[in-house]
Each structure stands twice: as C-alpha cells, then as structure tokens.
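Welcome! Please take a moment with the sequence and the model below, and then read on for a short tour of how the parts meet.

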Amino acid sequence: MTEMMSEIKRDHMMKMLEDGKRLDGRGVTDVREIKVITDVIESADGSARVKMGKTEVIAGVKIIPGTPFPDTPNIGVLTTGAELIPMAHPTFESGPPGEDAIELARVVDRGIRESGMVDVEALCIVPGEEVWMCFVDIYALDYDGNLFDAANLAAVCALKSATIPGEQYGKGENKPLPITCTPISITEVKIGNTLIVDPNFDEEQISTARLTVTTDDVGNFRAMQKGGCGSITLDELSLCLDRAVEKGAEIRKIIG
Amino acid sequence: MEKRNARQTRELVVPGDILDGTGMRPGENAYVLDGKVRASVMGVRNVFQNTVGVIPLRGGYMPTSGDTVFGVIVDIGPSNWLIDIGAPYPAPLHVSEVPWKVEFGDTSKYLTIGNVVLIKVLAVDESKKISVTMKDSGLRRIEGGRLVKISHTKVSRVIGKSGSMISMLKNMTDCRITVGQNGWVWVDGEDENADVAVQAIEMIEEQAQHPNLTDKVKEFIESKIPQDEEYDDEGDE
Amino acid sequence: MSGHTDMVLVDENGLRIDGRTAEQHRPFKVEAGVLNNADGSAYVEIGKNKVLAAVYGPRECHPRHLQNPTKAIVQCKYNMQSFSVSDRKRPGPDRRSIEISKIISEALEKVVLTELYPRASIDVYIEILQANAGTRCAGLTAASVALADAGIPMRDIVPALAAGKADGHVLLDLNKEEDNYGQADVPIAIIPSTDEIVLLQMDGNMTREEFDHGIEMAVAGCHELHELQKDALKRRYSKKAEEGSE
C-alpha cells in the first residue's frame, strides 16, 4: 500500500522542528551525505551516479552531431530530460514524464543553461550546418526527497566528466566537453515557519512551500524555482538566498 | 507463534534450495518437488515436529486472525474506514466493529485520514479479504507518542523470550511500549526517553542476529538514560 | 541480426573478438538489496551489460481491471535508459520493450507462487543502464534476485542466458558485435531445479544440431549464473540469519 503519513509522525516532526531539530538528527541547514561516482556508463559520453542520503539519481550525457536551431546557426544544442521511474518510489507510476518530472528537468536545465556551464559556442562543427547536440538524461533510482538537488548534481557531474566523441563520427579527435563553471542548486522547504535545507521524503510530505536556488562559482544567482502550494515571505527568501550561496560553495568543494 | 528452534546455527536458504530429502513434510514457506522439500522464500531453515520449512527474513506482513496491529486510516466510506496495516491489502473497518454508534455518512466524525488506530484482525478469508475490529478491550485510536515501523519478522526479537526484552525497554526508558504484530511499535513517554526507546528498537531490528543483543541494548540505554534502580530481570509480559 | 561486416567474429583458433572461446560466457556480477525504497532489488552485470531490477509487492493491483480474483499478477516493465546504447534511445517504451516486458512477466508468473496473493500485483521494474547484447537475459536474471530479495514466495530463482551463432560457430552469450552481425540469437531462461524453460526466443538460421548445441551450452551457463544469484543473496543476508535467538 502507498504510505500514508500518520498524524502521529506528522505531529512529532512538527514539534521537533519548532526546536530546530529534524528526525534524522540534522540541523536545519545540514545537507545529507553526498556520494558521487562518474564514468559509470561506458555507452554514455558522460555519466554520474549521485546519492544524497538515500536519494539516488543517475544521469547520462549523449553528444551527437545534429542541425543547429535556425536562429543560432553556430551554437551547440543542450537538452535535459528527467524521468521519475517507478522503481524509485511506490507512488511513481509508469508512463511518459508527468508534471513533476517535467518541472524537475526544466529547473535543472535552467541552472545549467543560464550559468553557461557548457560552452555551447565551442560546439560548432560546420557553421550554419552542423553542431554538437548534448542530451542529458536523468533517472531517479531511489527517492527520499530533494530530487532537484540530486538531479542537478548528477547532471553537472556527468557533464563535467563528458567527452565529445569526435572519433565516433569522424569529426576530429575526442576531447572533453568544454565546461566553464559548476552550477549548484540548493533546495529548501518550509514547514510551519521553519525553513530546512535538503528535505527528505517525509519532510517534503509535510512542507507547504519549496524553493530551489541555483548559484554559480562566484555566488551569483542563475536560476530559481518556487514550488508547492504555500508561500514564502521576503525575509524567508533572503535567508534562502544566503544559504544557497553558502551551501552551494560547500557542495562545489566536495565534488571538486 | 513459538515455532523457532533456538540455539542452532542458522544457515540462510534461498528459494529452490533443498531443505530435506529424507521424507519430512513441508512446513511453512516450503514445497515438495520430486520427493524433496524445497524453500520458497529466503530465510532460515526451520524444523518443527516432523515438518521442515523456512522462517522468512524478508517479505511484507500477512495478517492472521487474532493479530493485534497498528494501522493508519487511508480512506473513508459512509459505513467504513480503510486502514493501512502494512499488508498487501488494506483492511476495511466497518462501523459495526467500533465501540461507537456511527450513523451512515458520519464516519469522518469519529476517525479521519491519518489517524492511527490499534485494532485486531478478526479473519482473513481465502481471497485474502481482511476483516478487523476495534471492539476488544485495549483497542482504540492512538494519539501522541511515536510510531516506529520495523520489519514484522523482528517482532519476536523486540518482545524477547517471555517478554524479557520489551520489559527491559519499558522499565529502563519508563515508556509505554506496544508492539503490533505487523511490526509497527508505539512508544509513549517523555520526549528524550521516547527517543532512546525508539533508537533501541531500531537497534534491535538492525542487529537482531547479534548473540548478546540484550546486553548491547541495555548498555545503550544506560549510556543515554541514567538508571537509578535495579530493574527486574524476570520480565512481566 | 542483419548487419554485414568484414570483421572476423571468430578467428581460425576459435577465439572471439573479446578473447573468449565458443563455450565461454562473459564475466558475471550479481548483487542483491541495492535500493532502499523497493521491496526487493538487484544489480547484475553480464559482460558490459549493466542492469538494475526492483520489485514492489505484493500490493494492490493497479489498474483494477487487471486484478485476478484467484492469484496475483506479475507486471514487469523493461526499459532501456537513453544513454544505455550507442545511438541514443528516445525515452519511452517502444515495441521491442513492450514485447520483452511481456515475455519476462510470463516467465516470472510461472515461478512465483501467485496463488498466495489473490487480487494483488507484483510489480517488477527492469532498467537497462548499459546495453551490450543479452539485456533481456540480464534483466530477467536481476528480476529473479529482486523477487527473492523482496521475500516473495517462488519455486526457484531463474537465471537467463543467450546462445547464438556467428561466423558459422555456435557460441554462448553473444556480445554486441556477434548479435549485430551474427546468424542466430537464442535467449533462454530455466528453472534450475527442474531445467524447465520459462523463456525462449530464437531468431536467425540454425540447423537442429546447432540449436541443440546452443541450448546445451546456454543451460549450463544458466546453472553457473544461478550459483551467483544465490550467492548474492547469501552474501547480503547471511549475517542476519546467523545464530542469535535468546
């Protein structure tokens, strides 16, 4: 049966949060343990498997020659997709990506695109005719909250370790995908009046609002997304922005 | 429930493994093929009287008549509530099986979605339809406290031989602790003590195989809650 | 099966391009209990194939109209991830994935003791992370371990392996080149305790002798794979089974 949170658990969690405590012992700004392995899939041009606590995500990059968009004839193409596959959680159903998967993909894409992480101008093969197209595909494998940050991390790590397969297509030597920076997203949710960073599944279930903020290496903001049915105050927004810069820098250091 | 043969080295068997070829009859979680008894689940080989079967290590809870369990209300109809008891099937609780007189359509006034209840399994029929009741003594809606979910296969470890483990937990943490057959355990007491009790229960689940588990748990609780009296070793479950 | 190549798939010494002889399978790796949420899970590698399987159930059957009042149904979904193959695969089930899902569901229904769970569904998810010929076999192999990991009652754990033919030689466990440019592919899955076949497909061109030889090698390979399946579960859980009652 799908898990329905008991009111006992909900009440207990909310009570602890009033004292700034979380069920798993973390402080309100603590991110769970992060584990990243890159180059896990040979058939991909770049790949990464990321664990944040018990949430696990895999991302793969495929780089293929293709036609540029007519309005940007010399610029490479970047596309991000995500799937919430049923193995990751008892409530995930089979089928084409629903609104949650689509939102996830678009938020991750925004962070990567707006930060200019991939130097798309360096992906031109034949001006006006042929460019490298970079497909990033993300799959949730085990869902315990905060797919936004885990997916972003997996996509970023897969791209950072990706190789343009020039030899496979007779378009020159293989070389690393040109990367300019490392965008990191930090997601928080609001429970009652408390904002907590890197929510697990249970915390997401009792939260009212969610904010994902993506920063670049110098601490500038590149993307944001508010989700959930609740609201956040201006002060809360300010707190989230501060935390996004601080925690973003911490995670950037971990992944190197 | 006491079909275990304690104090034996237990080897893990997996589905298809041969349990016996000497003519014993199949016990629980076993079947016969070509005169040999084979395991149908992963678990520990278990001999009981003249049968050989398997005590499962994994697998969801399947209710049997008489089980007392905790559940969560997940749906409401005009004359019943649907309860999740951690089984493959939800358990409907009919208005005739609660201690109140509930008018048709008034069900949500008594129990709403998310409420936790302590109920008893009346029967499970051949098509696995489960009927439950809240009419026996002690059965009721549960409020406050903590609900810990462990594997139903570890319930007997939490209770201990003749209730020794659970008595120790209750006495040392000064908490009320009720163990449902489905592995859902309710703990009620002062916040910090309840935290320790919950951690102790999770420790029992994780380290159920440890030979000196009772001592380990005792040490753990002592390190968290100072014990100023001797507790009674004999258990009163 | 219909490609042409100048590549020599089996040389004059009987060695294949990856150095194997005709009767050798690729390296196997099996691990059990690799995911948190799923009731059971497993990870399998056969050569360069990397496969993840997860099981949920028995649980309420969705969609309800598929419920069977006398037993559980096994619903398997096989999916290849976009980056698992050299030419990126568009997300979503294609006709091949749907067929493979069906034959794997049917294979597992034969082995799982479904009568114990009327009206329920046992949901099996197979994700191919990296493909190199033989993914349906690796998938079924992983699914069987995931079912046992979930504690679902079954008669036996099912291994699957393919035989085939390339450059006129009957071979065990085709790799990608042999599958693309060879002359036959025969995936098979058996119940090890009885050698009953629960999955069998064939495409290509084989004489009776060639086919029989292929089956013989594949069945032997399945038995070897079965040992690893059992071992994966024992490694994961045997500490928990050891002496410990009080």
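Chain B and chain C together bury about 3200 Å², and carbon and sulfur atoms account for 55% of it; buried area here is the accessible area (1.4 Å probe) that two parts lose on being put together, summed over both. In this pairing, 38 residues of chain B touch 37 residues of chain C, where contact means heavy atoms within 4.5 Å.

Before going further, note that this is a predicted model, in which local features need pLDDT of at least 70, side-chain atom pairs count only at pLDDT 80 or more, and totals for chains, interfaces and linings use all residues. Residues are numbered from 1 along each chain as its sequence is written, chains are lettered from A and ligands numbered from 1 in the order in which they are written, and side-chain values use heavy atoms, with hydrogens and water left out.

**Salt bridges**

A salt bridge is a side-chain nitrogen of Lys or Arg within 4 Å of a carboxyl oxygen of Asp or Glu. Over all chains, the structure holds 45 salt bridges. Two lie between chain A and chain B, and three between chain B and chain C. Here are some examples:

| Salt bridge | N to O distance |
|---|---|
| A:Lys15 and B:Asp191 | 3.0 Å |
| B:Asp17 and C:Lys234 | 3.2 Å |
| A:Arg243 and A:Glu188 | 2.6 Å |

The pair A:Arg243 and A:Glu188 forms a salt bridge within chain A. This pair links distant parts of the chain, 55 residues apart: A:Arg243 is in helix H5 (residues 234-255) and A:Glu188 in strand S9 (residues 184-191). Helices (H or I, at least four residues) and strands (E, at least two) are DSSP runs, numbered from the N terminus.

**Two helices in chain C**

How do helix H1 and helix H2 of chain C pack? Helix H1 (residues 95-111) and helix H2 (residues 135-149) pack at an angle of about 40°, with axes 11 Å apart. Axes are lines fitted to C-alpha atoms, for helices over the stretch in contact, and angles run from 0 to 180 degrees between N-to-C directions. That angle makes H1(C) oblique to H2(C).

Technical notes
Angles under 35 degrees count as roughly parallel, over 145 as roughly antiparallel, 65 to 115 as roughly perpendicular and the rest as oblique.
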